[in-house]
Amino acid sequence: MRYADAGVDISVADEAKRRIAAMAGKTFRRGVLSPIGGFGSLFQLDRKRWREPVLVASADGVGTKLKVAFATGIHSTVGADILNHCVNDILTQGAEPLFFLDYLAMGKVNVEIVEQVIEGMSRAAKKAGCSLIGGETAEMPDFYAPGEYDLAGFIVGAVERKKQLDPQRVRAGDTLLALPSSGLHTNGYSLARKLVFGVAKLGPDAYVAEVGNKIGAELLKPHRAYWPLLKNILARGWITSMAHITGGGITGNLPRALPRNVQAVIELGSWPVLPIFRYLARLGRIDREELLQTFNLGVGMILVIPAKHVSRVEAELKRRREKFYVIGHIQSAARGKPRVAYSGTLPI
């Protein structure tokens, strides 16, 4: 017998890797020392530029959003999702993305699917100034259903030690400013899919007037990357801390950007909740607390800004024609109090 008789076709995998190398090579920035295809990837930090660099690393996956990609046959958006999600995670430390590696595994390598995924990933990498320098494409017969795959990513970035964001510097009186999401990003999809495809029994091509889009296309809207928008603001030291609003929503993620002796007060209704969230809330009759700890509800990133810098941050965001919303503030709180308190009404 040959390896191909067991379901692994090395020639197909080699073609997929050739296409990956062509797309990844277009993302290379200064510092990349090796081409795609080695056992390891090489990157040299520019020590003339970085005086006291701190490396910041993170890993994540796309989750069950992949099921929507399988159903629609559209795979480029999830490639962008994993890159952008990882960029945002290290951004909360103030880090600039340097390089990224992916892990893509499927039962049988489909070159067209691989190309779509990596095309979306490399396009997002170029926008973020991040080099796609390596990864793994695995063919695993009998492990994944036909047409399905798993996708994960690993990122390394750097920040000058003195410019590293630090939750311990957050103080009472600081302002909470939200940057909008494009949709669900990459969290809450197990519930969203159950509601859309299970409860409502819709197909991915079904048009939902309440949302103003085909439901598959709406659920595949890519995760935004906030580094290009915020890098100049970070360089000026105007932000103290930052929370990426992913799985766990505002309730679960904002406390990760705060010290123990403060409380974030969020004014519900201070930002527009996207139609997709109102639709899902109605389908599932989901209560307010569940919504706030499951979905981002239209908030992709929350910035914690000292009062003296708020006007500067707002002016820079306006200059870049970026929407933003002042959604609350920081106040002192005794230990044992909820880390996040809500006032107002959620417009659902």
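Is R320 buried, exposed or partly exposed? R320 is partly exposed, at a relative accessible area of 35%; buried means under 20%, exposed over 50% and partly exposed in between, with a 1.4 Å probe and protein chains only.

The legends below describe a predicted model, in which local features need pLDDT of at least 70, side-chain atom pairs count only at pLDDT 80 or more, and totals for chains, interfaces and linings use all residues. Residues are numbered from 1 along each chain as its sequence is written, and side-chain values use heavy atoms, with hydrogens and water left out.

**View 1. The whole protein chain.** The protein chain holds 11 helices and 12 strands; these are DSSP runs numbered from the N terminus, helices being H or I with at least four residues and strands E with at least two. Its C-alpha trace spans about 70 × 55 × 40 Å along the principal axes. Of the 348 residues, 51% count as buried. Among contacts (heavy atoms within 4.5 Å) with a separation of 6 or more, 84% join residues 24 or more positions apart.

**View 2. Surface and charges of the protein chain.** The chain has 46 positive and 32 negative charges, with mean positions 9 Å apart. Lys and Arg count as positive and Asp and Glu as negative, while His and the chain ends are not counted; each charge is placed at NZ of Lys, CZ of Arg, CG of Asp or CD of Glu.

**View 3. Strand β11 and two of its pairings.** Strand β11 (residues 325-332) pairs with strand β5 (residues 175-180) in the antiparallel sense over 4 bridges; two strands pair if DSSP finds at least two bridges between them. In this pairing, L176 has G328 of β11 as its bridge partner. Strand β9 (residues 262-268) also pairs with β11 in the antiparallel sense, over 5 bridges. Here A264 is bridged to I330 of β11.

View 4. R320 sits in the loop between α11 (310-319) and β11. Beyond its neighbours within four places in sequence, R320 contacts P228, L229 and N232. L229 is 91 residues from R320 in sequence, yet their C-alpha atoms are 7.8 Å apart.

**View 5. T27 in its loop.** T27 belongs to the loop between α1 (10-25) and β1 (53-61). With a relative accessible area of 5%, T27 is buried. Residues up to four places away in sequence aside, T27 touches S122, A125, K126, C130, S131 and L132.

View 6. Most residues other than glycine have a negative phi. K201 is not a glycine but has a positive phi of about 55°. K201 lies in the loop between α5 (189-199) and β6 (207-208) and is exposed, at 67% relative accessible area. L297, also not a glycine, has a positive phi of about 55°. L297 is placed in the loop between α10 (288-292) and β10 (299-305) and counts as buried, at 0% relative accessibility.
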